[in-house]
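Keep the model open beside you as you read.

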Amino acid sequence: MPPVDGLLKFISDISFKNTALHPESGQRFSVPFTDKTKSQWTTPENIPLELRKDLDEVMKGLYGKKATELRTTTMRICWDGITPDNNWFICPHPRCTSLFVATAGSFHGWKFLPIVGEYVVQMLQGTLSEEMIQRWSWDRPLYSHPDPDRPDREWRDIEAICTTKL
């Protein structure tokens, strides 16, 4: 079924991190942008060349020869938190009373949106199974495992080569 508005919308597997120092803890985290000009582009001319190349490659992989006629006109970045074990955090915060967390889709959380709310409600009502409490708790042991989908590119490196536009 063709899109009603004539736009093709899809999720791309383009990934990168935006590492910054957290001054209070001394730890380095990948953080979302606070400047929307680094996370959404509303005209083809404003999409950085490196990201345009990535999008063209994804469309070619999805649509083959038909992709040669397709042009990206807008782009938005949706930030997704990744945990070392690729599991959610769906839990009360251990030190902030009345703060509840439901985050860290680890690149595949979007597909669970139709059902994750059920688990969030169970957590809030105190009826979440012990297995899920352990799996999604804030202070669970986190063991990292090799993951080829984890971003290894830094935004600043992409930005440095993005000074050229198509």
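Let us begin with Arg156, which counts as partly exposed because its relative accessibility is 45%. Here buried means under 20% relative accessible area, exposed means over 50%, and partly exposed is in between (1.4 Å probe, protein chains only). This is a predicted model, in which local features need pLDDT of at least 70 and side-chain atom pairs count only at pLDDT 80 or more, while totals for chains, interfaces and linings use all residues. Residues are numbered from 1 along each chain as its sequence is written, and side-chain values use heavy atoms, with hydrogens and water left out.

**Charged pairs**

Arg156 forms a salt bridge with Glu154, and the closest N and O atoms are 3.5 Å apart. A salt bridge is a side-chain nitrogen of Lys or Arg within 4 Å of a carboxyl oxygen of Asp or Glu. Glu154 is buried, because its relative accessible area is 9%. This residue lies in the loop between α3 (130-136) and α4 (155-161); helices (H or I, at least four residues) and strands (E, at least two) are DSSP runs, numbered from the N terminus.

What else does Glu154 touch? Leaving out residues up to four places away in sequence, Glu154 touches Lys17, Asn18 and Thr19, where contact means heavy atoms within 4.5 Å. The side chains of Glu154 and Thr19 are also joined by a polar contact of 2.4 Å. A polar contact is a pair of N or O atoms within 3.5 Å; within protein, one must be able to donate a hydrogen and the other to accept it, and residues adjacent in sequence count only if both atoms are side-chain atoms.

The count of salt bridges comes to four. The table shows some of them.

| Salt bridge | Closest N and O atoms |
|---|---|
| Asp85 and Arg140 | 2.8 Å |
| Arg135 and Glu131 | 3.3 Å |
| Glu154 and Arg156 | 3.5 Å |

Asp85 forms its salt bridge with Arg140. Asp85 lies in the loop between β4 (75-76) and β5 (89-92) and Arg140 in the loop between α3 and α4, so the pair ties together parts that are 55 residues apart in sequence. Both Asp85 and Arg140 are buried. The charged end of Arg140 also sits over the ring of Phe89, 4.4 Å from its centre; for this, NZ of Lys or CZ of Arg must be within 6 Å of the ring centre and within 35 degrees of the ring normal.

Arg135 and Glu131 both belong to helix α3, where they are four residues apart, about one turn of the helix. An α-helix has 3.6 residues a turn, so residues three or four places apart point the same way. Arg135 is partly exposed, at 36% relative accessibility.

**Aromatic rings**

How many aromatic pairs does the structure hold? There are six aromatic pairs. The rings of Phe16 and Trp155 have centres 5.0 Å apart and planes at 40 degrees, so this pair is tilted. Rings of Phe, Tyr and Trp (its six-membered ring) pair if their centres lie within 6.5 Å; planes under 30 degrees apart count as stacked, over 60 as edge-to-face and the rest as tilted. Phe16 is in the segment before β1 (19-21) and Trp155 is in helix α4, so this pair links distant parts of the chain, 139 residues apart. Phe16 is buried at a relative accessible area of 11%, and Trp155 is buried at 3%.

Trp155 also pairs with Phe33, edge-to-face, at 5.4 Å centre to centre and 70 degrees between the planes. Phe33 lies in the loop between β2 (28-30) and β3 (40-41) and Trp155 in helix α4, so the pair ties together parts that are 122 residues apart in sequence. Phe33 counts as buried, with 16% relative accessibility. Phe16, Phe33, Trp41 and Trp155 form one aromatic cluster.

**Helix α1 and the whole chain**

Helix α1 (residues 49-63) has 15 residues and spans 21 Å from its first C-alpha to its last, close to the expected 21 Å; the expected span is 1.5 Å times one less than the number of residues. Its buried residues are Leu49, Leu51, Arg52, Asp54, Leu55, Val58 and Met59. Their cover includes β3, β4 and α4. Just after α1, Gly64 takes a positive phi of about 60 degrees.

The chain has four helices and six strands, in the pattern β-β-β-α-β-β-β-α-α-α along the sequence. Of its 166 residues, 29% count as buried.
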